[in-house]
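Try each task before you read its solution.

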Amino acid sequence: MAHSGINVLFEGHNFVRLLGGLWTTVWIAALSLLIGLALGALLGILRTFKNRLLRLILRLYLEFFRIVPTVVLLFLAYYILPRMMHVANLPGSLMAVVAFALWVAAEFSDIVRGALISVPKHQWESGMALGLNRHQLFRYVLLPQAFRLEMPATINLATRVIKTTSLLMMISVMDVINIGQQIIEANNHLYRTGVFWVYGLIFVFYFLVDYPLSRWAKKMDAKQAD
Amino acid sequence: MSWTIIQQSLPEFAKGFRLTLWLSLIGILGAMIVGIIVSLVRYFKVPYLAGILGAYVELARNTPLLIQLFFLYYAFPVIGWKMSAATCGIVGLIFLGGAYMAEGFSGGFNGVAKTQLESGKALGMSDWQLARYVVFPQGFALSVPALAANVIFLIKETSIFSVIAIPELTNTALDLIGLYYRSNEYLFVLVIAYAIILIPLSLILTWLERRVRYGTFGN
């Protein structure tokens with residue numbers, strides 16, 4: 001059993017390295033979500049305003065991110081952003097955060113808008129009747145109610161972002177999959193079935209993060225449907 | 001941006017374009033079939049099978065396609081299952097898409113009014129007849145929006161095939177960038193190519209959603 005494939009995970013610092021890769025994956029996902037959700041909330045609110053031009057521009061922004069696959073978004077950020085800003089050698093992880101955050105903002109703006117317009121109209125009208133100004137109306141009436149409505153979709157978006165971090169390796173970020181590949185290549189002659197265990201472990205990593213989240217979202221959705 | 005560079009690359013992109021369309025088509029059809037079967041098994045709570053397929057749905061939906069493809073392409077040959085890259089891509093897309101489609105169909109089936117099912121039973125219909133004449137036609141109409149979203153999603157997911165060197169659109173662009181270092185031009189063509197596929201398709205699907213919106217009875 002000395003050379004059973006599973007041992008590849010515990011050879012040298014392999015396991016620690018994989019966890020390190022996982023950490024890269026996690027902070028990129030978390031930072032992108034943080035920036036993207038903040039920006040998306042703002043865009044979503046703007047999309048409920050009456051200004052036609054503003055709405056059109058934001059709609060086009062959303063449709064662009066809906067149509068272009070995330071892999072392609074990553075490459076756009078990776079190849080074109082550094083040139084636009086005239087800096088060489090920006091780290092891929094930074095470009096990935098930019099691409100993901102803009103994508104999350106687009107998707108979240110639609111979630112926020114959908115939630116805001118499904119708050120019953122009389123809520124808006126009652127607020128107006130009480131003499132609230134637009135800022136107060138959003139702050140105390142619409143946003144708190146919309147927040148509850150948009151929770152399940154937001155959690156689902158988060159699970160999508162986490163799954164999408166698997167693409168980071170394509171712009172040579174040292175994420176969990178990239179490190180996994182290095183470990184496989186380095187140990188290939190000793191552990192022929194190592195590839196099975198390394199990818200298996202990464203598969204489990206992703207599942208362990210995403211499954212509870214999507215369960216949670218589904219439960220909340222069911223509760224709101226009642 | 002140089003138009004000659006773009007022009008010269010078009011034949012290559014046309015090949016990738018056709019491959020993306022083909023792989024998407026096969027993947028989506030396969031995913032639909034898997035989705036229908038899985039969701040019906042789960043709807044009628046077929047013993048054992050419903051549980052196993054439930055686990056499949058969760059497993060496929062909560063892991064990235066990229067890892068699923070790596071498993072098929074790199075890990076399976078070690079235990080003696082060797083498949084070509086294109087086969088891996090299609091199998092992976094059907095594995096992933098089947099689970100998403102199953103969720104879409106389940107949403108529709110569960111939306112069919114209870115009274116419909118009870119009326120069918122009162123008329124003495126068998127489970128198969130209930131599925132065929134009551135649940136499926138109404139549930140299908142209800143699940144169209146979710147299915148439409150999945151179709152778009154799966155076409156976009158084919159871009160991930162580039163990691164196992166299937167020469168579809170994204171892979172074509174990456175190859176060309178690697179050869180000639182003209183990232184602006186090739187990425188531009190790539191975005192346009194996806195837009196050519198997805199913009200008309202999403203308009204058609206929106207139209208379809210509007211058409212089937214009144215497909216339910218008994219509410």
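**Exercise 1.** Find which residues Ser39(B) touches, leaving out those up to four places away in sequence.

*Solution.* Start with the contact list: with contact meaning heavy atoms within 4.5 Å, Ser39(B) touches Ala102(B), Phe105(B), Ser106(B) and Phe109(B). Then check its cover: Ser39(B) is buried, at a relative accessible area of 1% (buried is under 20%, exposed over 50%, partly exposed in between, with a 1.4 Å probe and protein chains only). Last, look at its side chain, which reaches the backbone oxygen of Gly35(B) at 2.8 Å.

Some ground rules: this is a predicted model, where local features need pLDDT of at least 70 and side-chain atom pairs count only at pLDDT 80 or more, while totals for chains, interfaces and linings use all residues. Residues are numbered from 1 along each chain as its sequence is written, chains are lettered from A and ligands numbered from 1 in the order written, and side-chain values use heavy atoms, with hydrogens and water left out.

**Exercise 2.** Describe the overall make-up of chain B: how many helices and strands does it have?

*Solution.* Count the elements first: chain B has eight helices and zero strands. Now get the extent: the C-alpha trace spans about 70 × 45 × 20 Å along its principal axes. Finally, burial: 52% of the 219 residues of chain B count as buried.

**Exercise 3.** Work out how much area is buried between chain B and chain A, and which residues of chain B lose the most.

*Solution.* Begin with the contacts: 35 residues of chain B meet 34 of chain A. The buried area is about 3,200 Å², with carbon and sulfur atoms giving 76%; that's the accessible area (1.4 Å probe) the two parts lose on being put together, summed over both. On the chain B side, Asn62(B), Ile67(B) and Val78(B) lose the most area to chain A, together 18% of what that side buries.

**Exercise 4.** How many salt bridges link chain B and chain A?

*Solution.* Apply the rule, a side-chain nitrogen of Lys or Arg within 4 Å of a carboxyl oxygen of Asp or Glu, and you get two. One of them pairs Lys218(A) with Glu103(B), with the closest N and O atoms 3.0 Å apart. As for the elements involved, α8(B) gives the largest share of the chain B side that touches chain A, nine residues.

Notes: Helices (H or I, at least four residues) and strands (E, at least two) are DSSP runs, numbered from the N terminus. A polar contact is a pair of N or O atoms within 3.5 Å; within protein, one must be able to donate a hydrogen and the other to accept it, and residues adjacent in sequence count only if both atoms are side-chain atoms.
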